[in-house]
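Please open the model in your viewer and keep the selection panel at hand.

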Number of protein chains: 2
Amino acid sequence: MEHELQQTMSLLARTPAALNALLRDLPEAWMLGDEGENTWSPFDIVVHLIHAEHTDWMPRARMILQFGESRTFEPFDRLGQMRESRGRPPGQLLDEFARLRSESLSELGALQIGQEELELRGRHPALGVVTLSQLLATWAVHDLTHLHQISRVMANQYRDAVGPWSAYLGVLQCGGHG
Amino acid sequence: MEHELQQTMSLLARTPAALNALLRDLPEAWMLGDEGENTWSPFDIVVHLIHAEHTDWMPRARMILQFGESRTFEPFDRLGQMRESRGRPPGQLLDEFARLRSESLSELGALQIGQEELELRGRHPALGVVTLSQLLATWAVHDLTHLHQISRVMANQYRDAVGPWSAYLGVLQCGGHG
């Protein structure tokens, strides 16, 4: 499947509503349960998505459009905002993520990106040269990575509760690749 | 985390809305794209969830309550309804799943299941003796398994599009455990 910007944007637009449907008013045992030390709960994952919305996707897209390969992206801090977000109401985080995503997509739409712009190149601090097309496709797959992770983290809370069925439930075999 | 029926029901109630937010009116390339021969698309997964709602969860719960270990569950056909559902409008499937799940939860709620009933035992054709508590917890984790799978199947459509970022995207490392 080729990268098509309209398809990418249609997925990016869905993620806040999907997370809202899954997580809003979820019992704390699911929302705050993680997979052990230095792992993330669904709450932590929403904080991470908010942080990425602030510092990763549109800032990097703007940098490619303005500076091309001549300027290297700021490294992305995977643990950004984790500490200062502890204790915030989960519903407030979901609202904030939805608002930021909506703003990002408005800005992206206004840029009127066509095939020529998609091929523009930027410089990633570790991966080297990347294209705007790859950045935008990665944004969508990053959403899916964290939906994949949330479903696994939640399932793991019931690892014992399912008894012998654990052998049949694929999500419980997931080694935790994020 | 102990199995608590209210928590299980709160998750079961969320799944149709989460799938609706993620999949309704999704471009066909995402909705119908699978991972190769004999693998499932998001469309197929919704068909499977509908089939499970008809033949698996509440029928087995009723069987435990009525017959205990004396009667073995019907084996569950993982490929049930796949063929006859081809070509149906995806939105219609999402509606049907939401309706069936709502009916299942109404029936489950009306049973007024308490701790005593949760410990009742039934007989699985392959796993042997299981409890009603394990069956209901499995129902919720089965939802999560398929949300996990949908996010992976969708991400895989963009495996090439993300370029060198594929190394960082956990969902693309998922070996496909369902």
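Is Gln112(A) buried or exposed? Before selecting this residue, please bear in mind that the model is a predicted one. With Gln112(A) selected, the answer is that this residue is exposed, since its relative accessible area is 67%, above the 50% that the term requires. Gln112(A) lies in the loop that runs between helix H6 (90-110) and helix H7 (115-118) of chain A, and a look at its backbone shows a positive phi of about 50 degrees, although Gln112(A) is not a glycine.

Next, move to chain B and select Asn38(B), which is found in the loop between H2 and helix H3 (42-55) of that chain. Asn38(B) is not a glycine either, yet its phi is positive, at about 60 degrees. With a relative accessibility of 77%, Asn38(B) counts as exposed.

Now select the residues at which the two chains meet.

While the interface is still displayed, which kinds of pairing can be counted across it? There are 0 salt bridges between chain B and chain A, whereas 17 residue pairs are in polar contact, counting pairs in which both residues have pLDDT 80 or more.

For the last stop, select both chains and superpose one on the other. Chain B can be laid on chain A with an RMSD of 0.0 Å, by a turn of 180 degrees and a shift of 0.0 Å along the axis. The two copies are therefore related as by a two-fold rotation axis. Returning to the interface selection with this in mind, you can compare the residues used by each copy: 100% of the interface residues of chain B are also interface residues in chain A, so the copies meet through the same surface.

Methods. Residues numbered from 1 in each chain as written. Chains lettered and ligands numbered in written order. Predicted model: local features only at pLDDT ≥ 70, side-chain atom pairs only at ≥ 80, totals over all residues. Heavy atoms only, no water. Salt bridge = Lys/Arg side-chain N within 4 Å of Asp/Glu carboxyl O. Polar contact = N/O pair within 3.5 Å; in protein donor to acceptor, adjacent residues only side chain to side chain. Helix = DSSP H or I, 4+ residues; strand = E, 2+ residues; numbered from the N terminus. Buried < 20%, exposed > 50% of the residue type's maximum accessible area, 1.4 Å probe, protein only. Least-squares fit on C-alpha atoms with pLDDT ≥ 70 in both. Contact = heavy atoms within 4.5 Å.
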